[in-house]
Amino acid sequence: MLNFAKTEYQTRLKKTKQSMEKQGINVLLITDPANISYLTGFNAWSFYVHQLLIIIDQETEPIWAGRGIDASAAKITTWLSADNILPYSDDHVQSTEKHPMDFVAGILKEKGQSNKTIAAEFDAYYFTARNYLQLTQQLPDATFVDGTTLVNWIRIIKSKQEIEYIKRAATIVTETMYKGIERIKAGVRECDVVADIFHKQISGTEEFGGDYTSIVPLLPSGEKTSACHLTWTDEVYKEGDPVVLELAGCHKRYHSPLARTLVIGKPTSEMEELADVTIEGIEAALDVIKPGVTCEEVELAWKRSIEKRGFEKESRLGYSTGLNYPPDWGEHTASLRSGDQTVLQPNMVFHMIPGIWMDTYGIEISETFRVTENGVEVLANVERKLFIN
């Protein structure tokens, strides 16, 4: 079930160990499910319990440590040998007496790593305060350091196969966006539209299917479009409502997000103006993208464009995206914002989402793009406009 050649996983592991060496890290504990998948192929809905990938600088293979009933998933989806798939018993699950980090500490003691420099993903969603407390109590002679985005930064430049998966995700989101836009009409329930969106996201195309996305469809309508992260209700759409659709296609866990805005009936002149401002700003930002440009410079092009029309946007313009699991499709590395000096390189992929939210409505029109050898490639193929139904 590997989505990549074993050699690609081993190259990723080699780069990870090189980064560990530069930072003086002997052991890296990975709890981010995207990072676990990136290095091993592991793919299961098991991240609601504690699971780790343990990378030891002197060991050839990583060690997967997780719940016993999930060990079979590790055998099926990863390239790891059976000896490096180490399950803990079920009495560790949500227990006040045993904790999975005690099991992990035992592995490290057995491997002679109890007094080494150990990095953990301190700010990852799936590394808890209890994890830290148990590890430090069980390994008092170890030095713990922050390794939160060590693997994330290795992920930022995509391989040829990764780009192919993201392009397939872009095809899925293109078809899904048009399906959602087609279904939104006055009198139709929001939840019914989202049901059709979910169906299209998962069924994909005749050539390839889709995965569940790391973020559910975000479809606020009416005044709710002034808030950027609302989902849907069972209310019906009304004439004059603006509707924001922020979706993604997902294939082999690789995402291509996309946002568009439509109005049911006649938009107000303010909505039309804000859409024009947003589109002009997107195009100004896309025009400057090429290798060697910094993330900050991309955001500055957008900022200067909308300022000419009297608008501003305080939140970041975008972020690196690709492989991920809930609750986010962003990679938590580079952001398109002031102060980010990350230099764009070929095969970096970003979601540029220049939403502007006013007091009673908002406009979102976004693009996911790949940095090419000479410029930029927009991945989805949906008209860049304010849609009117």
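Glu273 counts as partly exposed because its relative accessibility is 35%, a class that lies between buried (under 20% relative accessible area) and exposed (over 50%), as judged with a 1.4 Å probe and protein chains only. The model is a predicted one, in which local features need pLDDT of at least 70 and side-chain atom pairs count only at pLDDT 80 or more, whereas totals for chains, interfaces and linings use all residues. Residues are numbered from 1 along each chain as its sequence is written, and side-chain values use heavy atoms, with hydrogens and water left out.

Glu273 belongs to helix α9, which spans residues 269-288; helices here are DSSP runs of H or I with at least four residues, and strands are runs of E with at least two, both numbered from the N terminus.

In helix α5, residues 129-138, the side chains can be followed around the axis. Asn131, Gln134 and Leu135 are buried there, and they sit on the same side of α5 because they cover an arc of only 95° around the axis, the arc being that of the directions from the helix axis to the C-beta atoms. An α-helix has 3.6 residues a turn, so residues three or four places apart point the same way. Ala129 and Gln137, on the other side of α5, are exposed.

The loop between α5 and β6 (143-146) holds Pro140, which is exposed, with a relative accessible area of 62%.

Leu29, by contrast, is buried with a relative accessible area of 0%, and it lies in strand β1, residues 27-30.
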